[in-house]
Amino acid sequence: MRITKAKAQEILRTVEGDERFFNADGTVSANVRELAGHLAQMPQGAFNHHCSSQRCDFAAWVQDILQDTTLAKNLRAAKCVRAKVEKAVSDRVAQLEKYA
């Protein structure tokens, strides 16, 4: 699927209130760019809280709130390997910024 400028802007938008991602380490991500930065700094225990063999909260938030099924799919495919999760998010941000 081709990314349109409108779709890229929608995915990159900043959300408010309860739509934000509340990290177990106390940080809050209001958009996918912030999530990328927080992932790089997040303690391993907080990462494990959100990403395990049973669930991937990052993928759920990206799909349900930001409506980015492509990134959600890539996050699930990363199987909670931290380096793969971080790369999937940062690569997607870079891709979307080309269109926004």
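## Charges, fold and a ring cluster

The 15 positive and 12 negative charges of the chain have mean positions 8 Å apart, with Lys and Arg taken as positive, Asp and Glu as negative, and His and the chain ends not counted. Each charge sits at NZ of Lys, CZ of Arg, CG of Asp or CD of Glu.

A note on the model: it is predicted, local features need pLDDT of at least 70, side-chain atom pairs count only at pLDDT 80 or more, and totals for chains, interfaces and linings use all residues. Residues are numbered from 1 along each chain as its sequence is written, and side-chain values use heavy atoms, leaving out hydrogens and water.

On to the fold: six helices and two strands run in the order α-β-β-α-α-α-α-α. These are DSSP runs, numbered from the N terminus (helices H or I, at least four residues; strands E, at least two).

Some whole-chain values:

| Property | Value |
|---|---|
| C-alpha box along the principal axes | roughly 35 × 30 × 20 Å |
| Buried (under 20% relative accessible area, 1.4 Å probe, protein chains only) | 37% of the 100 residues |
| Accessible surface (Shrake-Rupley, 1.4 Å probe) | about 5,700 Å² |

Now the aromatics. Rings of Phe, Tyr and Trp (its six-membered ring) pair if their centres lie within 6.5 Å; planes under 30 degrees apart are stacked, over 60 edge-to-face, the rest tilted. That gives three aromatic pairs. Phenylalanine 21 and phenylalanine 58 have ring centres 5.3 Å apart and planes at 35 degrees, so this pair is tilted. It joins strand S1 (residues 21-22) to helix H4 (residues 57-64), 37 residues apart. Ring pairs tie Phe21, Phe47, Phe58 and Trp61 into a cluster.

Methods
Buried means under 20% relative accessible area, exposed over 50%, partly exposed in between (1.4 Å probe, protein chains only).
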